[in-house]
Amino acid sequence: MTQDNGTWLDQAGPRTRAVRSGIKRLSALEHGEPIFTSSSFLFESASDAAAKFSGDEVGNVYSRYTNPTVRGFEQRLAALEEGECAVATASGMSAILALCMTHLRAGDHVLCSRDVFGATVSLFDNTLRNFGVDVTFVSLTQAHAWSVAATSKTRLLFLETPSNPLNAIADIAELATLSRELGAILAVDNCFCTPALQQPLALGADIVTHSATKYLDGQGRVLGGALVGREELIAPVVAFNRSCGPTMSAFNAWVMLKGLETLDLRMRAHSDNAQVLAAWLQEQPLVQRVHYCGLADHTGHELASRQQRRYGGVLAFELAGGREAAWQFIDATVLMSLTANLGDAKTTIVHPATTTHGRLSEQQREEAGINESLIRIAVGLEDVEDLQADCERGFAAAHSV
Ligand SMILES: *Cc1c(COP(=O)(O)O)cnc(C)c1O
């Protein structure tokens, strides 16, 4: 039985598409998605080989650029983002690299929001500058600053919303309008929300980038990345992958395919847990400030309520007592995992100023609002009462500082 992805599935809801789209059944008896661990594929004849090599006929050739399991993940993700097509890559960073190598040329200019993922800053600021691409970093939340910084050479606008870890929110539709006026491409890193909570393409973005390593896998198992968008923008990236090779493995694609089946349920649960924990943290005497866009007093709350379905799983808070208290808090927790990853079923905790944002200068950290009192929690799927009990251990230790 093969699925006809062109008919009933197009009309189906997002949760059905998450479970049913993206890979053809090979036989009536098969119910799971197969992993095609084959580096290359056989042809029926010499003319079949020629047709598939040239692209005249669609088919599998070599797993650097065509693999049925990877294709299944790409189609399922595209269905969820409601984009024309997707291309999977080895990691989130290789997705952004492939985007830049395909759509930028020496002499081009990039506008990038200041508080993007650290490796993204480094990619734009170090690697791409070596190839003659100029970048200006601008405030995520001030659309006016983007239009002031734009030049006739601006080809790409890149942003991440909500930001890590303070949950600053960009107005995607407003920046999409600016991007169209400039004749540029707007790319949105949708890692924190995933298509379950936010669909940047529907808000006018041209390309969505993913670190599939985070919520798309959802259980901290493998690395992966993806780009989603119109065929005319994605096809050149597929060609880049074919010649340059930052490809997703079939096994990782299979993990991601299964991850997408539970994405909607997990994102609801992450968001619900984070909402309860954020409100509770606000009441704690040692907490000076909680940064979570689900809280009514967060500066991005109203915008997040408009462009997101829920508020996601990542929050940050400032603890009285500076770095010493923050470190005591973290070291006293026993349930939360001390690691910089996020998007896992397991709750993770980290001190951004000395880890994820440790490479920034003190002044850059101050500008970004990452002070020494700040703790980030990427809220997992445990019982929220147990997370509160773990925080109580942290408060008891921080209190003695
Ligand atoms: C982790 C992350 C990336 C990089 O993804 P990798 O899969 O680790 O390469 C990019 N953007 C955001 C927002 C991330 O959190």
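**From values to words**

Q: Why is Phe-329 called buried?
A: The relative accessible area of Phe-329 is 0%. Buried means under 20%. So Phe-329 is buried in this predicted model.

Q: What makes Phe-395 buried or exposed?
A: Phe-395 has a relative accessible area of 8%. The cut-off for buried is under 20%, so Phe-395 counts as buried.

Q: How do you know which kind of aromatic pair Phe-329 and Phe-395 form?
A: Look at the planes: they stand at 75 degrees, with 5.1 Å centre to centre. Planes over 60 degrees apart count as edge-to-face. The pair of Phe-329 and Phe-395 is therefore edge-to-face.

Q: Where in the chain do Phe-329 and Phe-395 lie?
A: Phe-329 is in helix α14 and Phe-395 is in helix α16. They are 66 residues apart, so the pair links distant parts of the chain.

Q: How many aromatic pairs does the structure hold?
A: There are 6.

Q: Why is the pair of Phe-251 and Trp-254 called tilted?
A: Their ring centres lie 6.0 Å apart, and their planes are at 35 degrees. Stacked needs under 30 degrees, and edge-to-face needs over 60.

Q: What separates Phe-251 and Trp-254 along helix α11?
A: They are 3 residues apart in α11, which means about one helical turn.

Q: What makes Ser-63 buried?
A: Its relative accessible area is 19%. That is under 20%, so Ser-63 is buried. Ser-63 sits in the loop between α3 and α4. Beyond its sequence neighbours, Ser-63 touches Ser-38, Ser-39, Phe-41 and Thr-247.

Q: How do you know how α5 lies against α10?
A: The two helices pack at about 105 degrees, with their axes 9 Å apart. Angles of 65 to 115 degrees count as roughly perpendicular. So α5 is roughly perpendicular to α10. Among the residues in contact are Met-101 of α5 and Phe-240 of α10.

Q: What is the order of the strands in the sheet?
A: The 7 strands run β1-β7-β6-β5-β4-β2-β3 in an open sheet with mixed pairing.

Q: Why do β1 and β3 stand at the edges?
A: Each has a single partner strand, so one side of each is left without a neighbour in the sheet.

Note on methods. Residues numbered from 1 in each chain as written. Predicted model: local features only at pLDDT ≥ 70, side-chain atom pairs only at ≥ 80, totals over all residues. Heavy atoms only, no water. Pairing = 2+ DSSP bridges. Helix = DSSP H or I, 4+ residues; strand = E, 2+ residues; numbered from the N terminus. Axes fitted to C-alpha atoms, helices over the stretch in contact; angles between N-to-C directions. Parallel < 35°, antiparallel > 145°, perpendicular 65-115°, else oblique. Contact = heavy atoms within 4.5 Å. Buried < 20%, exposed > 50% of the residue type's maximum accessible area, 1.4 Å probe, protein only. Phe/Tyr/Trp six-rings, centres within 6.5 Å; stacked < 30°, edge-to-face > 60°. Lists of a residue's contacts leave out its neighbours within four places in sequence.
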